[in-house]
Amino acid sequence: MVAAPSYIDEVLEHVDLQETKRLTEEQLEQFGAEMDAIRQRILDDLGEKDASYIRKVVKYQRGFEIAGRALFYLPPAWPLAVASLSISKILENMEIGHNVMHGQYDWMGDPGLNSRMYDWDNVCPGEQWKYSHNYIHHTFTNVLGKDRDIGYGILRMDEDQKWHPYYLGNPLYAFLLMIFFEWGVAMHDLEVENIVNGSRKIEENKALHAGIMRKVKRQALKDYLLFPALTGPLFPLTFAGNVTANLIRNIWAFNIIFCGHFPAGVATFTQEECEDESRGHWYYRQLLGSANITGGPLMHLMSGNLSHQIEHHLFPDLPARRYPEVAEEVREICERYGLQYNTGPLHKQLGSVAKKIFTMALPPKKG
Amino acid sequence: MSTTAPLPALGRRILGSKVLAALTSPHGVDRYLEMINPMWAAQDVRARVVSVHRENPDSDAAPVATITLQPTATWRGHRAGQYVQVGLDLPGSAKRMTRCFTISSAASTPGEQITLTVRAHEEGQVSKYLVAAEPGTIVHLSQAQGDFTLDESPATPTNNHLLFVTGGSGITPAMSIVRTLLRDGYDGRAGRKVTFLHYARSPEDQIFADELAEIAAADNDVTVHLFHGDHVFSEFELRRLVPRHRDTDTWACGPAPMMELVVAAYDGAPEHRLRTEFFKAPKPAGSGSAEGDVTFARSGQEAPNSGATLLEQAEALGLSPEFGCRMGICFSCTSRKTEGTVRNVLTGTTSSMPDEDIQICVSAPEGDCTVEL
């Protein structure tokens, strides 16, 4: 007879020991202290540069937005209008919205850049997203059963999610999630999967419905009715352009975000492992549960610096423009502790995610 | 300065329209307008500094200045005695600091100019910046706030006796009320008996001295009594000057020691006879001890400071503030601290600024502390 798997075996299943080293309590504490020191140094240095950076990004984003809306009046410039509006929406959602709503710029005291006031150009109400993202996802990153970003409730992205014939559709669901990403994010908080499995009552969603509907109406009114109507006879073209811009943003955001936690080698954790976890272990989990994308400044800007997903998860409330500078130190610390630092070019990370989506669709091989 | 003139009425109508709001959703019209001209706004209130006038040029105490502000067309006006929150993007720090200042000018109508009379406190970064502000500087404003006002409808004026007792910078709200009474009264008269008692450190520190002398000299029903130096407030003197003070509608504003004496002088008077407004000066950072009291203003709960985080202390009192990660990353628990010093338990840094948004899950009070919860 095989004995019940011990606690340690359970842990080992989740963390690939070949690549990932486990740290002792003391090491974890030291590791945490080094991370805290980086954090403190950046906090002490926040100022004019960070403020003018984010204001500049906002200015450019507004510029692209206005240019995009205006160019729809010139039918030959349609592709340019779509490009401009897509850039605006990507910048607004990623480098501005995501980061501002993380509280990265709360210290400036500017209500226009404050996490409690800001809402993004996206059908998901900022208020609901902040709860599921800032709290649930960032606190319980890659903890199975807690972090609902693992598979977003519809995909199988980890071996420890029990296989079911439903998951044969994994690639299809992922594709649909990519196309309708903003809608997926908006529906995320409704925890539909938990309603299906009976652990959540549909009444619990009542309060959320109103917020989502209000936001959806506003977004649809603007993008699919008012702006097209303002271009008069060009209504269909403008309408199509706005749909396309939202679609491009959806595809881009989905790809960047899926590269953040799903490439091969990213670790997941059990709830037992994370009970009463120390600050050092939290940092350790954030590091091992995230993956970066290499690239130049444009890549970092257009991904809202989520190309530095590792640094973002270690320091979610530091202005994202600081991640590249912090990354060198984080990498050096990882080398010293022998910890894996998961990074690679976009195509490699994407390929790895795609492979996972397909493999997880199939039942696990009996070993 | 023509580029920072407030908007004409038609522009305001267009900017405030529902269609424009829908087109600029979710950010709102103002987030676009501010990039073109800071004096254009549909909701936000900002103001341009028109002029700065030093009130106590001969004093060696902290400078006091009257700042004339031209607000945006969104300014709804104010009732005499109200205050306004002024936000400044201080150069260098990139942090917007917001402080409350009483409006010293007479009641204003929408879009009308107002004045603030500000004492530059040693630690007061905002007040120091304001008294030295260059004309043309843009500041952020709230709408006017506060109930320390002449609470009578101008449409149905009464003619009962009014009494103002003020000390130091506390003169500003009373000044605004008296200026309004004289402006809106009949023929430069307040139209009723008004008694104005003011206590200043010295004649050199007396602000509005010339205007007060004029008011005192004119035949306008206003009696002014100015006291300087060691001549501090006493109930005995108040009785002498206003024998039925407990039956007289009174407005008192000044430093805490004076206010204690004034409040005592109205002990037993009919409720609401005395209206008070206290200064809120920044308190020096605590000694690092956990003593003092923690006050949760909205729920009215108060308890000795246990030294735990504000979130834990609130929960210990049976409150259930919103929270998420409990480790300072998710900003779910952000609340406004109105007074006191808090220490960030992660970084060890302390902060004593009034009206500051803090994450209560990682903030422990040092000494007295008040949080809006």
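B:Gly87 has B:His140 of strand S6(B) standing opposite it. The model shown here and in the views below is predicted.

**Figure 1. Strands S3 and S6 of chain B pair in the antiparallel sense.** Strand S3 of chain B covers residues 83-89, and strand S6 of chain B covers residues 138-141. Two bridges join S3(B) and S6(B). One of the residue pairs to look for is B:Gly87 and B:His140, the latter in S6(B). Another is B:Val86, which faces B:Leu141 in S6(B).

**Figure 2. S3 and S4 of chain B form a hairpin.** The pairing of S3(B) with S4(B) is antiparallel and runs over seven bridges. B:Asp89 has B:Arg96, a residue of S4(B), as its bridge partner. Six residues lie between S3(B) and S4(B). One residue in the turn is B:Gly92, whose phi is positive, at about 100°.

**Figure 3. Six strands of chain B form an open sheet.** Read across the sheet, the strand order is S4-S3-S6-S1-S2-S5. The pairing in this sheet is antiparallel. Which strands stand at the edges? They are S4 and strand S5 (114-119) of chain B; each has a single partner strand, so one side of each is left without a neighbour in the sheet. On average, neighbouring strands of the sheet are turned by 40° against each other, with direction ignored.

**Figure 4. Chain B touches chain A.** On the chain B side, 23 residues are in contact with chain A, and on the chain A side 31 residues are in contact with chain B. Three elements of chain B, namely helix H2 (18-23), helix H3 (30-33) and strand S4 (96-102), each supply at least two residues of the side that touches chain A. S4(B) gives the largest share of that side, three residues. By residue class, the side of chain B that touches chain A holds eleven nonpolar, eight polar and four charged residues.

**Figure 5. A cis peptide bond joins B:Ser25 and B:Pro26.** The omega angle of this bond is about 0°. B:Pro26 belongs to the loop between H2 and H3 of chain B.

**Figure 6. Helices H2 and H14 of chain A come within 11 Å of each other, axis to axis.** H2(A) spans residues 25-45, and H14(A) spans residues 323-337. How are the two helices oriented? Their axes cross at roughly 170°. H2(A) and H14(A) are therefore roughly antiparallel to each other. From H2(A), the contact is made by A:Gln27, A:Phe31, A:Glu34, A:Ile38 and A:Ile42. From H14(A), the residues are A:Val326, A:Glu329, A:Ile333 and A:Tyr337. Six of the residues in this contact are nonpolar, one is polar and two are charged.

**Figure 7. A:Val353 is buried in the model.** A:Val353 is part of helix H15 of chain A, residues 346-361. Within 10 Å of A:Val353 there are 22 other C-beta atoms; 20 or more count as buried. Apart from neighbours within four places in sequence, A:Val353 is in contact with A:Phe258, A:Cys259, A:Phe262 and A:Pro263. Between A:Val353 and A:Cys124 there is a separation of 229 residues in sequence and 24 Å in space, taken from C-alpha to C-alpha.

**Figure 8. B:Phe331 has a positive phi although this residue is not glycine.** Phi of B:Phe331 is near 65°. The residue B:Phe331 lies in the loop between helix H9 (310-316) and strand S14 (334-344) of chain B. Is B:Phe331 buried or exposed? B:Phe331 counts as buried because 24 C-beta neighbours lie inside 10 Å.

**Figure 9. B:Asp355 also has a positive phi in a residue other than glycine.** Here phi is near 50°. B:Asp355 is in the loop between strand S15 (350-351) and strand S16 (356-359) of chain B. With 15 C-beta neighbours inside 10 Å, B:Asp355 counts as partly exposed.

**Figure 10. Chain B is divided into domains.** The domain assignment gives domain 1 (2-141), domain 2 (162-278) and domain 3 (293-371). Between the C-alpha centres of domain 1 and domain 3 of chain B the distance is 30 Å.

Conventions:
Residues are numbered from 1 along each chain as its sequence is written. Chains are lettered from A and ligands numbered from 1 in the order in which they are written. This is a predicted model: local features need pLDDT of at least 70, side-chain atom pairs count only at pLDDT 80 or more; totals for chains, interfaces and linings use all residues. Axes are lines fitted to C-alpha atoms, for helices over the stretch in contact, and angles run from 0 to 180 degrees between N-to-C directions. Helices (H or I, at least four residues) and strands (E, at least two) are DSSP runs, numbered from the N terminus. Angles under 35 degrees count as roughly parallel, over 145 as roughly antiparallel, 65 to 115 as roughly perpendicular and the rest as oblique. Two residues are in contact if their C-beta atoms, placed from the backbone, lie within 7 Å. Ala, Val, Leu, Ile, Met, Phe, Trp, Tyr, Cys and Pro count as nonpolar, Asp, Glu, Lys and Arg as charged, and the others, Gly among them, as polar. Two strands pair if DSSP finds at least two bridges between them. Domain bounds come from an automatic or database domain assignment. A residue is buried if 20 or more other C-beta atoms lie within 10 Å of its own, exposed if 12 or fewer, and partly exposed in between; C-beta atoms are placed from the backbone.
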